[in-house]
Amino acid sequence: VYRWNRAVYGVSGGVAHLRIENRALPSGPTVLDEIANAAFFFGLVSGLLEEIGDPRELLDFRVVEESFFAAARHGLEAKLYWVDGARHPAAELITQRLLPLAREGLAEAGIDRADVERYLGVVEARVAARRTGARWTLDSFAALRGQGEDRRDRALVAAMIEGERSGAPVHEWPLAAVPCAQDGDGAGLERVGQFMTTDLFTVREDDLVDLAVSVMEWRHVKNVPVEDGQGRLVGLVTHRDLLTLLARRQSRDDAAVAVREIMRRDPVTVSAETPVREAMRLVCESGVGCLPVVEAGRLVGLVTECDLLRVAERLLARAARGADAESAVTTCPPLRRGR
């Protein structure tokens with residue numbers, strides 16, 4: 001069951017019913033984009049029925065399914081099957097076949113011509129710019145690589161809000177960017193939650209150690225949190241623990257070992273609100289390579305030595321720039337007074 005074709009059970013007036021919600025329309029992200037999507041969809045459905053009849057008689061389901069996944073993966077760069085049996089570039093198919101059909105369908109439905117051109121014009125310009133809402137998000141995400149999860153996410157949300165308030169359709173938006181005042185200088189990096197890793201892979205106590213090893217290899221990490229069935233942190237498996245186990249295995253039979261046998265049961269943890277300086281102190285004093293971030297007993301993130309080093313590098317660079325600026329002021333020769 002795809003998320004946009006959702007079975008919904010409800011009760012209305014004491015009578016139970018089951019309905020299928022067809023959520024075919026992509027999100028805006030602006031109201032203008034949303035209405036343009038709706039105009040294109042409904043105009044195209046009307047135009048297709050009038051022009052070619054029932055498409056099920058002309059297109060095999062397997063062909064439609066292939067085009068569906070191609071569009072989901074590649075967007076406007078996809079190649080899609082049409083009723084002529086050939087595959088066409090999505091952009092070419094939209095501009096040369098689908099938009100004319102949608103215009104005819106909306107005109108037949110009595111929609112004002114000016115409204116038709118306004119909203120379908122947005123779709124046409126979007127195709128020409130090769131930028132949908134999804135493409136804008138992905139391009140912005142790529143442009144913000146290396147900024148840290150919290151700063152990247154805040155920059156994306158701020159750019160979306162600004163773009164929506166501007167009233168411009170999404171294909172006209174500039175890519176999201178971190179404000180210059182914060183760009184690379186460590187400004188705003190005061191709490192652990194602002195740069196912690198939230199894309200986590202975890203294991204359970206009953207899992208075999210081999211799974212933890214595989215996770216470390218897949219993710220290129222040295223620490224794997226251990227959770228219970230309710231998402232509560234119960235331990236931590238480190239690269240050092242695995243090396244110790246490997247040394248023990250050389251002197252006995254190579255039997256299966258569960259995670260619970262080698263995990264650290266009371267790892268040092270922090271919260272998302274923990275100050276960066278406190279996190280650095282904990283790492284130095286405890287000698288651990290990472291700090292699980294916990295809220296109400298549940299694991300929400302992870303901060304590693306590498307994360308803290310990156311923050312320290314930015315803060316040091318910022319301090320150095322401030323010292324250079326102060327030095328420039330103090331060593332500047334005095335101004336001559338005019339006579």
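## Salt bridges, a pocket and a buried threonine

Arg130 forms a salt bridge with Glu77, and their closest N and O atoms are 3.7 Å apart. The pair ties together distant parts of the chain, 53 residues apart: Arg130 sits in the loop between α4 (113-129) and α5 (133-143), and Glu77 in the loop between α2 (61-74) and β3 (79-81). This is a predicted model, in which local features need pLDDT of at least 70 and side-chain atom pairs count only at pLDDT 80 or more, while totals for chains, interfaces and linings use all residues. Residues are numbered from 1 along each chain as its sequence is written, and side-chain values use heavy atoms, with hydrogens and water left out.

**The chain as a whole**

- The protein chain has 10 helices and eight strands; these are DSSP runs numbered from the N terminus, with helices being H or I of at least four residues and strands E of at least two.
- Of its 339 residues, 35% count as buried (buried means under 20% relative accessible area, exposed over 50%, and partly exposed in between, with a 1.4 Å probe and protein chains only).
- Among contacts (heavy atoms within 4.5 Å) with a separation of 6 or more, 55% are between residues 24 or more positions apart.

**Salt bridges**

- The structure holds 19 salt bridges, each defined as a side-chain nitrogen of Lys or Arg within 4 Å of a carboxyl oxygen of Asp or Glu.
- Side chains of opposite charge can pair when their charged atoms come close.
- In the pair we opened with, Arg130 is partly exposed at 41% relative accessible area, whereas Glu77 is exposed at 56%.
- Asp139 meets Arg131 in a salt bridge (3.7 Å, N to O), and Asp139 also forms one with Arg135, at 3.2 Å between the closest N and O atoms.
- Arg135 and Asp139 are four residues apart in helix α5, so about one helical turn separates them.
- Elsewhere, salt bridges that share partners join Arg103, Glu117 and Glu124 into one network.

**The second largest pocket**

- This pocket has a volume of about 1100 Å³, which is the space filled by probe spheres set on grid points joined across faces, edges and corners.
- A pocket here is an open set of points on a 1 Å grid over the protein atoms alone, where a 1.4 Å probe fits, with protein on both sides within 12 Å along at least five of seven lines; lining residues have an atom within 4 Å of a point.
- Its lining counts 39 residues, and Thr197, Thr304, Cys306, Asp307 and Arg310 lie nearest the centre.
- At least two lining residues come from each of α6 (149-166), α7 (209-219), β5 (223-227), α8 (239-249), β8 (298-304) and α10 (305-330).
- Helix α10 gives the most, with six residues.
- By class, the lining has 14 nonpolar, 12 polar and 13 charged residues (Ala, Val, Leu, Ile, Met, Phe, Trp, Tyr, Cys and Pro count as nonpolar, Asp, Glu, Lys and Arg as charged, and the others, Gly among them, as polar).

**Around Thr274**

- Thr274 lies in the loop between α8 and α9 (276-286) and is buried, with a relative accessible area of 11%.
- A polar atom of the Thr274 side chain lies 3.0 Å from the backbone nitrogen of Ser271.
- Leaving aside residues up to four places away in sequence, Thr274 touches Glu190, Arg191, Val192 and Ala279.

Note on methods
A polar contact is a pair of N or O atoms within 3.5 Å; within protein, one must be able to donate a hydrogen and the other to accept it, and residues adjacent in sequence count only if both atoms are side-chain atoms.
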